[in-house]
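Work through these exercises with the structure open. Each task is followed by its solution.

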Amino acid sequence: MTRFLLFILLSTASSMMASAQRFWRGADISWSTEMAADGKLFYNASGEATEINTLMHDCGMNAIRLRVWAEPTLGGWCGTQDVVDKALAAKAAGMEVLIDFHYSDFFADPGRQAIPAAWKTTDIAALADHVAAHTTEVLQALKNAGVTPRWVQIGNETRNGMLYSIYDETSHTWSTASGLATGSTDTKYGGGWDNYVKLSNAGYEAAKAIFPDVICMTHLDTRGSDTDLSWWFEAFKNKGGKVDMIGLSHYPMSWNAAGETSATTTGKQRNTALLDLATKLHEAYGLPLMVVETGVYCEYTTGGKAVMEDLFDQCRKSEAVKGIFYWEPEQYNWWKPAIYSTIGWTNYNMCAFLHNGSPSPILDAFQPTPEEIEADGIAKLTTNPADDNRSPQYTLSGRRAKAGQHGIVIDRNGKTLQ
(Lines give C-alpha, C1' and ligand atoms only; values in the text may rest on other atoms or scores of the structure.)
Protein backbone atom coordinates (compact mmCIF):
# COMPACT_ATOMS: atom_id res chain seq x y z
CA MET A 1 0.00 0.00 0.00
CA THR A 2 1.27 3.47 -0.87
CA ARG A 3 2.13 5.27 2.31
CA PHE A 4 0.31 8.43 3.25
CA LEU A 5 2.43 11.55 3.20
CA LEU A 6 2.31 14.01 6.05
CA PHE A 7 4.34 17.18 5.86
CA ILE A 8 5.04 19.50 8.78
CA LEU A 9 5.74 22.48 6.58
CA LEU A 10 8.16 24.42 8.75
CA SER A 11 9.77 25.84 5.62
CA THR A 12 6.47 27.31 4.39
CA ALA A 13 5.04 28.38 7.74
CA SER A 14 5.81 32.02 7.09
CA SER A 15 3.86 32.08 3.82
CA MET A 16 0.87 30.39 5.44
CA MET A 17 0.96 32.86 8.30
CA ALA A 18 0.53 35.68 5.80
CA SER A 19 -3.07 34.57 5.27
CA ALA A 20 -3.88 33.56 8.85
CA GLN A 21 -3.06 35.25 12.15
CA ARG A 22 -1.27 33.05 14.67
CA PHE A 23 -2.79 32.77 18.12
CA TRP A 24 -0.28 31.69 20.73
CA ARG A 25 -1.26 28.78 22.94
CA GLY A 26 1.38 27.93 25.48
CA ALA A 27 2.47 27.07 28.99
CA ASP A 28 5.18 27.86 31.48
CA ILE A 29 6.70 24.45 32.23
CA SER A 30 9.80 25.65 34.09
CA TRP A 31 9.34 22.96 36.76
CA SER A 32 9.64 20.16 34.20
CA THR A 33 13.37 19.45 34.60
CA GLU A 34 13.13 19.58 38.39
CA MET A 35 10.19 17.18 38.31
CA ALA A 36 12.09 14.85 36.00
CA ALA A 37 15.04 14.88 38.40
CA ASP A 38 12.57 13.83 41.12
CA GLY A 39 11.58 10.84 39.02
CA LYS A 40 8.32 12.26 37.69
CA LEU A 41 7.21 11.18 34.21
CA PHE A 42 4.53 12.71 32.02
CA TYR A 43 1.94 10.56 30.25
CA ASN A 44 -0.45 10.88 27.37
CA ALA A 45 -4.06 9.70 27.62
CA SER A 46 -3.01 6.19 26.62
CA GLY A 47 -0.71 5.98 29.61
CA GLU A 48 2.51 6.22 27.58
CA ALA A 49 5.39 8.21 29.02
CA THR A 50 5.90 11.23 26.76
CA GLU A 51 8.47 14.02 26.68
CA ILE A 52 6.80 17.07 28.24
CA ASN A 53 7.24 19.48 25.30
CA THR A 54 5.93 16.89 22.87
CA LEU A 55 2.99 16.26 25.17
CA MET A 56 2.20 19.98 25.36
CA HIS A 57 2.46 20.21 21.57
CA ASP A 58 0.11 17.27 21.18
CA CYS A 59 -2.33 19.07 23.50
CA GLY A 60 -2.41 21.88 20.94
CA MET A 61 0.24 24.29 22.20
CA ASN A 62 2.69 26.13 19.97
CA ALA A 63 4.81 28.00 22.54
CA ILE A 64 6.63 27.46 25.83
CA ARG A 65 7.47 30.04 28.53
CA LEU A 66 10.59 29.61 30.67
CA ARG A 67 11.59 31.67 33.70
CA VAL A 68 15.22 32.46 34.40
CA TRP A 69 16.84 33.35 37.72
CA ALA A 70 20.20 35.05 38.21
CA GLU A 71 21.89 32.68 40.70
CA PRO A 72 19.22 30.13 41.68
CA THR A 73 20.55 29.30 45.13
CA LEU A 74 17.04 28.47 46.37
CA GLY A 75 16.52 25.09 44.75
CA GLY A 76 19.16 25.25 42.04
CA TRP A 77 16.88 25.36 38.98
CA CYS A 78 16.03 27.94 36.30
CA GLY A 79 19.62 29.12 35.89
CA THR A 80 21.14 29.80 32.48
CA GLN A 81 22.07 26.21 31.55
CA ASP A 82 18.77 24.78 32.76
CA VAL A 83 16.90 27.35 30.68
CA VAL A 84 19.02 26.60 27.60
CA ASP A 85 18.35 22.86 27.99
CA LYS A 86 14.61 23.42 28.27
CA ALA A 87 14.57 25.87 25.37
CA LEU A 88 16.35 23.34 23.14
CA ALA A 89 13.75 20.72 24.06
CA ALA A 90 10.95 23.15 23.27
CA LYS A 91 12.50 24.00 19.92
CA ALA A 92 12.88 20.30 19.09
CA ALA A 93 9.15 19.88 19.67
CA GLY A 94 8.36 22.70 17.25
CA MET A 95 7.57 25.32 19.89
CA GLU A 96 8.30 29.04 20.03
CA VAL A 97 10.00 30.24 23.22
CA LEU A 98 9.21 33.05 25.66
CA ILE A 99 12.03 33.87 28.11
CA ASP A 100 10.82 35.34 31.41
CA PHE A 101 13.55 37.29 33.23
CA HIS A 102 12.80 37.61 36.96
CA TYR A 103 16.03 39.51 37.68
CA SER A 104 16.17 37.73 41.00
CA ASP A 105 17.63 34.54 42.48
CA PHE A 106 14.09 33.23 43.09
CA PHE A 107 10.50 34.12 42.22
CA ALA A 108 9.73 37.77 41.56
CA ASP A 109 6.14 38.99 41.89
CA PRO A 110 4.32 42.15 43.09
CA GLY A 111 5.30 41.48 46.70
CA ARG A 112 8.81 40.09 46.12
CA GLN A 113 11.40 41.57 43.77
CA ALA A 114 14.56 40.51 45.56
CA ILE A 115 17.85 41.93 44.35
CA PRO A 116 20.18 39.01 43.52
CA ALA A 117 22.70 38.46 46.29
CA ALA A 118 25.59 39.30 43.95
CA TRP A 119 24.01 42.52 42.68
CA LYS A 120 23.61 44.56 45.87
CA THR A 121 24.75 48.15 45.32
CA THR A 122 23.89 51.73 46.21
CA ASP A 123 24.45 52.86 42.61
CA ILE A 124 21.47 52.59 40.26
CA ALA A 125 23.76 52.72 37.20
CA ALA A 126 25.70 49.72 38.52
CA LEU A 127 22.42 47.86 39.13
CA ALA A 128 21.35 48.61 35.56
CA ASP A 129 24.69 47.20 34.37
CA HIS A 130 23.91 43.97 36.24
CA VAL A 131 20.52 43.78 34.50
CA ALA A 132 22.12 44.29 31.09
CA ALA A 133 24.94 41.81 31.73
CA HIS A 134 22.58 39.09 32.96
CA THR A 135 20.21 39.61 30.03
CA THR A 136 23.13 39.44 27.62
CA GLU A 137 24.61 36.31 29.21
CA VAL A 138 21.38 34.32 29.05
CA LEU A 139 20.35 35.39 25.57
CA GLN A 140 23.85 34.88 24.17
CA ALA A 141 23.85 31.36 25.61
CA LEU A 142 20.54 30.70 23.86
CA LYS A 143 21.88 32.14 20.61
CA ASN A 144 25.01 30.01 20.85
CA ALA A 145 22.79 26.95 21.33
CA GLY A 146 20.75 27.81 18.25
CA VAL A 147 17.58 29.03 20.00
CA THR A 148 15.98 32.33 19.00
CA PRO A 149 13.25 33.32 21.46
CA ARG A 150 10.26 35.08 19.97
CA TRP A 151 9.57 37.05 23.16
CA VAL A 152 11.49 38.25 26.19
CA GLN A 153 9.88 39.46 29.41
CA ILE A 154 11.79 42.32 31.02
CA GLY A 155 10.87 41.45 34.59
CA ASN A 156 8.06 39.43 36.12
CA GLU A 157 4.89 41.11 37.44
CA THR A 158 6.54 44.51 37.82
CA ARG A 159 3.47 46.53 38.82
CA ASN A 160 5.43 47.94 41.80
CA GLY A 161 8.77 48.00 39.99
CA MET A 162 11.69 45.58 40.10
CA LEU A 163 14.75 44.84 42.24
CA TYR A 164 13.43 46.53 45.40
CA SER A 165 13.59 43.90 48.17
CA ILE A 166 16.05 41.50 49.81
CA TYR A 167 15.70 37.89 50.91
CA ASP A 168 16.73 36.79 54.41
CA GLU A 169 18.08 33.23 54.25
CA THR A 170 17.66 32.69 57.98
CA SER A 171 14.03 33.74 58.39
CA HIS A 172 13.04 32.97 54.78
CA THR A 173 11.33 36.34 54.48
CA TRP A 174 11.50 39.23 52.04
CA SER A 175 11.85 42.85 53.17
CA THR A 176 12.52 46.31 51.73
CA ALA A 177 16.07 46.76 50.40
CA SER A 178 16.87 49.69 52.70
CA GLY A 179 19.94 51.70 51.71
CA LEU A 180 20.39 49.99 48.34
CA ALA A 181 19.65 51.23 44.85
CA THR A 182 16.27 49.84 43.82
CA GLY A 183 13.78 49.94 40.99
CA SER A 184 10.68 50.46 43.10
CA THR A 185 8.18 52.83 41.52
CA ASP A 186 7.52 54.20 45.03
CA THR A 187 9.95 57.01 45.88
CA LYS A 188 9.91 55.91 49.53
CA TYR A 189 12.04 52.92 48.53
CA GLY A 190 14.18 54.35 45.75
CA GLY A 191 14.23 56.71 42.82
CA GLY A 192 10.68 55.97 41.75
CA TRP A 193 9.75 55.67 38.09
CA ASP A 194 13.09 57.06 36.92
CA ASN A 195 14.97 54.16 38.49
CA TYR A 196 12.48 51.52 37.39
CA VAL A 197 12.54 52.69 33.78
CA LYS A 198 16.34 52.83 33.82
CA LEU A 199 16.50 49.19 34.88
CA SER A 200 13.74 48.06 32.53
CA ASN A 201 15.31 49.82 29.55
CA ALA A 202 18.69 48.25 30.38
CA GLY A 203 17.09 44.82 29.93
CA TYR A 204 15.22 45.91 26.80
CA GLU A 205 18.32 47.29 25.10
CA ALA A 206 20.45 44.28 26.02
CA ALA A 207 17.84 41.91 24.59
CA LYS A 208 17.65 43.87 21.32
CA ALA A 209 21.43 43.87 21.03
CA ILE A 210 21.43 40.05 20.90
CA PHE A 211 18.13 39.51 19.07
CA PRO A 212 17.08 42.72 17.25
CA ASP A 213 13.69 41.28 16.26
CA VAL A 214 12.75 39.85 19.64
CA ILE A 215 9.48 41.15 21.13
CA CYS A 216 10.19 42.69 24.54
CA MET A 217 7.36 42.53 27.00
CA THR A 218 6.41 44.37 30.19
CA HIS A 219 4.48 42.07 32.54
CA LEU A 220 1.92 43.11 35.17
CA ASP A 221 -0.36 41.13 37.42
CA THR A 222 -4.08 41.86 37.20
CA ARG A 223 -6.49 42.03 40.10
CA GLY A 224 -10.23 41.77 40.43
CA SER A 225 -10.45 45.49 41.16
CA ASP A 226 -8.54 46.52 38.01
CA THR A 227 -10.70 48.33 35.48
CA ASP A 228 -7.85 50.25 33.89
CA LEU A 229 -4.05 50.20 34.07
CA SER A 230 -3.48 53.23 31.86
CA TRP A 231 -2.12 55.11 34.87
CA TRP A 232 0.76 52.62 35.04
CA PHE A 233 1.65 52.69 31.37
CA GLU A 234 1.21 56.46 31.23
CA ALA A 235 3.87 56.87 33.94
CA PHE A 236 6.10 54.26 32.27
CA LYS A 237 5.91 55.86 28.84
CA ASN A 238 6.32 59.40 30.20
CA LYS A 239 9.67 58.38 31.68
CA GLY A 240 10.82 56.89 28.38
CA GLY A 241 10.00 53.25 29.06
CA LYS A 242 10.54 50.94 26.08
CA VAL A 243 8.11 48.10 25.39
CA ASP A 244 6.80 46.12 22.40
CA MET A 245 4.04 44.09 24.05
CA ILE A 246 2.08 43.96 27.29
CA GLY A 247 1.97 40.73 29.28
CA LEU A 248 -0.72 40.14 31.90
CA SER A 249 -1.26 37.56 34.65
CA HIS A 250 -4.86 36.43 34.99
CA TYR A 251 -6.10 33.85 37.52
CA PRO A 252 -9.89 34.01 37.13
CA MET A 253 -11.36 31.45 39.53
CA SER A 254 -12.00 31.96 43.23
CA TRP A 255 -11.82 29.23 45.84
CA ASN A 256 -14.83 29.57 48.09
CA ALA A 257 -17.35 27.63 50.13
CA ALA A 258 -20.02 28.03 47.47
CA GLY A 259 -18.22 25.44 45.38
CA GLU A 260 -17.45 24.81 41.74
CA THR A 261 -20.55 26.37 40.17
CA SER A 262 -20.04 29.71 41.88
CA ALA A 263 -16.30 29.69 41.13
CA THR A 264 -17.05 28.98 37.47
CA THR A 265 -19.46 31.90 37.23
CA THR A 266 -16.94 34.20 38.90
CA GLY A 267 -14.21 32.99 36.56
CA LYS A 268 -16.20 33.84 33.45
CA GLN A 269 -17.04 37.28 34.83
CA ARG A 270 -13.37 37.94 35.52
CA ASN A 271 -12.52 36.84 31.99
CA THR A 272 -14.87 39.50 30.66
CA ALA A 273 -13.32 42.11 32.95
CA LEU A 274 -9.85 41.14 31.70
CA LEU A 275 -10.89 41.58 28.08
CA ASP A 276 -12.32 45.01 28.87
CA LEU A 277 -9.00 45.95 30.48
CA ALA A 278 -6.99 44.57 27.56
CA THR A 279 -9.11 46.48 25.07
CA LYS A 280 -8.56 49.76 26.92
CA LEU A 281 -4.80 49.27 27.01
CA HIS A 282 -4.64 48.28 23.35
CA GLU A 283 -6.68 51.29 22.27
CA ALA A 284 -4.66 53.67 24.45
CA TYR A 285 -1.16 52.51 23.48
CA GLY A 286 -1.53 50.48 20.30
CA LEU A 287 0.36 47.58 21.86
CA PRO A 288 -0.58 43.91 21.50
CA LEU A 289 -1.16 41.92 24.69
CA MET A 290 -0.79 38.34 25.85
CA VAL A 291 -2.01 36.50 28.92
CA VAL A 292 1.38 35.11 29.93
CA GLU A 293 0.10 33.47 33.11
CA THR A 294 -3.25 31.90 33.81
CA GLY A 295 -4.55 28.96 35.81
CA VAL A 296 -7.68 27.50 37.38
CA TYR A 297 -8.12 25.31 40.44
CA CYS A 298 -7.21 21.76 39.52
CA GLU A 299 -9.93 20.22 41.71
CA TYR A 300 -12.58 22.16 39.79
CA THR A 301 -11.99 20.16 36.62
CA THR A 302 -15.37 20.71 34.99
CA GLY A 303 -15.63 24.35 35.96
CA GLY A 304 -11.97 24.97 35.21
CA LYS A 305 -12.35 23.62 31.70
CA ALA A 306 -15.38 25.85 31.16
CA VAL A 307 -13.53 28.93 32.43
CA MET A 308 -10.49 28.25 30.23
CA GLU A 309 -12.63 27.64 27.16
CA ASP A 310 -14.47 30.90 27.88
CA LEU A 311 -11.15 32.73 28.22
CA PHE A 312 -9.97 31.37 24.86
CA ASP A 313 -13.29 32.20 23.23
CA GLN A 314 -13.18 35.81 24.43
CA CYS A 315 -9.48 36.32 23.65
CA ARG A 316 -9.77 34.86 20.16
CA LYS A 317 -12.45 37.42 19.34
CA SER A 318 -10.29 40.28 20.57
CA GLU A 319 -8.05 42.42 18.39
CA ALA A 320 -5.89 43.09 21.44
CA VAL A 321 -4.96 39.66 22.83
CA LYS A 322 -2.52 37.50 20.86
CA GLY A 323 -2.15 34.45 23.08
CA ILE A 324 -2.59 32.61 26.39
CA PHE A 325 -0.01 30.75 28.51
CA TYR A 326 -0.97 28.39 31.33
CA TRP A 327 1.29 28.53 34.40
CA GLU A 328 2.86 25.16 35.31
CA PRO A 329 0.14 22.77 34.11
CA GLU A 330 2.46 19.74 34.38
CA GLN A 331 2.56 19.59 38.18
CA TYR A 332 0.57 16.64 39.48
CA ASN A 333 -0.15 14.43 42.50
CA TRP A 334 0.71 17.31 44.84
CA TRP A 335 4.37 17.42 43.86
CA LYS A 336 6.22 20.53 44.96
CA PRO A 337 9.84 21.73 44.81
CA ALA A 338 11.92 20.60 47.79
CA ILE A 339 12.70 24.22 48.68
CA TYR A 340 8.99 24.86 49.34
CA SER A 341 9.15 22.77 52.51
CA THR A 342 12.18 24.74 53.68
CA ILE A 343 10.56 28.13 53.22
CA GLY A 344 7.08 27.02 54.34
CA TRP A 345 5.25 27.18 51.02
CA THR A 346 2.38 24.82 50.16
CA ASN A 347 1.71 22.89 46.96
CA TYR A 348 0.60 24.67 43.82
CA ASN A 349 -3.13 24.04 43.37
CA MET A 350 -3.80 25.32 39.86
CA CYS A 351 -2.07 22.66 37.80
CA ALA A 352 -3.82 21.07 34.82
CA PHE A 353 -2.71 17.44 35.03
CA LEU A 354 -4.52 14.52 36.61
CA HIS A 355 -3.00 12.62 39.52
CA ASN A 356 -1.83 9.93 37.09
CA GLY A 357 0.47 12.39 35.34
CA SER A 358 -1.60 12.98 32.19
CA PRO A 359 -3.27 16.21 30.99
CA SER A 360 -6.65 16.99 32.50
CA PRO A 361 -9.67 18.23 30.49
CA ILE A 362 -8.68 21.78 31.51
CA LEU A 363 -6.09 21.72 28.71
CA ASP A 364 -8.72 20.90 26.07
CA ALA A 365 -9.09 24.67 25.69
CA PHE A 366 -5.64 24.79 24.03
CA GLN A 367 -6.70 22.76 21.02
CA PRO A 368 -6.30 24.91 17.91
CA THR A 369 -9.03 26.00 15.55
CA PRO A 370 -8.69 25.04 11.87
CA GLU A 371 -7.50 28.59 11.17
CA GLU A 372 -4.83 28.29 13.85
CA ILE A 373 -3.64 24.98 12.43
CA GLU A 374 -3.15 26.74 9.09
CA ALA A 375 -1.38 29.67 10.73
CA ASP A 376 0.94 27.31 12.62
CA GLY A 377 2.09 25.88 9.30
CA ILE A 378 0.53 22.41 9.64
CA ALA A 379 -0.19 21.00 6.18
CA LYS A 380 -3.03 18.73 5.29
CA LEU A 381 -2.34 15.08 4.52
CA THR A 382 -2.14 13.96 0.92
CA THR A 383 -2.99 10.48 -0.27
CA ASN A 384 -2.93 8.30 -3.35
CA PRO A 385 -6.51 7.73 -4.64
CA ALA A 386 -5.67 4.05 -5.04
CA ASP A 387 -5.23 3.64 -1.29
CA ASP A 388 -7.87 1.84 0.69
CA ASN A 389 -10.39 3.64 2.91
CA ARG A 390 -8.53 3.38 6.17
CA SER A 391 -7.83 6.80 7.70
CA PRO A 392 -4.77 6.95 9.93
CA GLN A 393 -4.55 9.92 12.27
CA TYR A 394 -1.58 12.04 13.27
CA THR A 395 -0.80 14.50 16.02
CA LEU A 396 0.22 18.06 15.20
CA SER A 397 3.85 17.06 15.67
CA GLY A 398 3.51 14.49 12.88
CA ARG A 399 3.44 11.38 15.06
CA ARG A 400 0.97 8.58 14.41
CA ALA A 401 -1.84 9.00 16.93
CA LYS A 402 -2.81 6.08 19.13
CA ALA A 403 -6.29 5.09 20.21
CA GLY A 404 -7.61 7.42 22.87
CA GLN A 405 -4.73 9.87 22.56
CA HIS A 406 -5.44 13.27 24.09
CA GLY A 407 -5.22 16.30 21.81
CA ILE A 408 -5.78 17.30 18.20
CA VAL A 409 -5.26 14.73 15.43
CA ILE A 410 -5.59 15.09 11.66
CA ASP A 411 -6.85 12.40 9.33
CA ARG A 412 -5.51 11.73 5.83
CA ASN A 413 -8.12 14.05 4.26
CA GLY A 414 -7.00 16.97 6.38
CA LYS A 415 -10.01 16.79 8.68
CA THR A 416 -9.36 17.99 12.21
CA LEU A 417 -10.61 15.51 14.79
CA GLN A 418 -10.95 15.79 18.58
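**Exercise 1: Aromatic rings**

In this predicted model, Trp-31, Trp-69, Phe-106, Phe-107, Tyr-167, Trp-174, Trp-327, Trp-335, Tyr-340, Trp-345 and Tyr-348 make up one aromatic cluster.

Task: classify the pair of Phe-106 and Trp-345 as stacked, tilted or edge-to-face.

Solution. The structure holds 31 aromatic pairs. In the pair of Phe-106 and Trp-345, the ring centres are 5.5 Å apart and the planes stand at 40 degrees. Stacked needs under 30 degrees, edge-to-face over 60. The pair is therefore tilted. Now place the partners. Phe-106 sits in the loop between β3 and α5, and Trp-345 in the loop between α10 and α11, so the pair ties together parts 239 residues apart in sequence. Phe-106 is buried at 4% relative accessible area. Trp-345, at 21%, is partly exposed.

**Exercise 2: Two helices**

Task: describe how α4 and α5 are oriented to each other.

Solution. Start with the geometry: α4 (residues 80–92) and α5 (residues 124–145) pack at about 40 degrees, with axes 10 Å apart. The two helices are therefore oblique to each other. Their crossing is right-handed. Next, the contact: Thr-80, Val-83, Val-84, Ala-87 and Leu-88 of α4 meet Glu-137, Val-138, Ala-141, Leu-142 and Ala-145 of α5. By class, that makes eight nonpolar residues, one polar and one charged.

**Exercise 3: A loop serine**

Task: is Ser-30 buried or exposed?

Solution. Locate Ser-30 in the loop between β1 and α2. Its relative accessibility is 1%, so Ser-30 counts as buried. Leaving out residues up to four places away in sequence, Ser-30 touches residues including Arg-65, Cys-78, Lys-86 and Glu-328.

Key:
Residues numbered from 1 in each chain as written. Predicted model: local features only at pLDDT ≥ 70, side-chain atom pairs only at ≥ 80, totals over all residues. Heavy atoms only, no water. Axes fitted to C-alpha atoms, helices over the stretch in contact; angles between N-to-C directions. Helix = DSSP H or I, 4+ residues; strand = E, 2+ residues; numbered from the N terminus. Parallel < 35°, antiparallel > 145°, perpendicular 65-115°, else oblique. Left-handed = near helix turned anticlockwise from the far one by under 90°. Contact = heavy atoms within 4.5 Å. Nonpolar A, V, L, I, M, F, W, Y, C, P; charged D, E, K, R; others polar. Buried < 20%, exposed > 50% of the residue type's maximum accessible area, 1.4 Å probe, protein only. Phe/Tyr/Trp six-rings, centres within 6.5 Å; stacked < 30°, edge-to-face > 60°.
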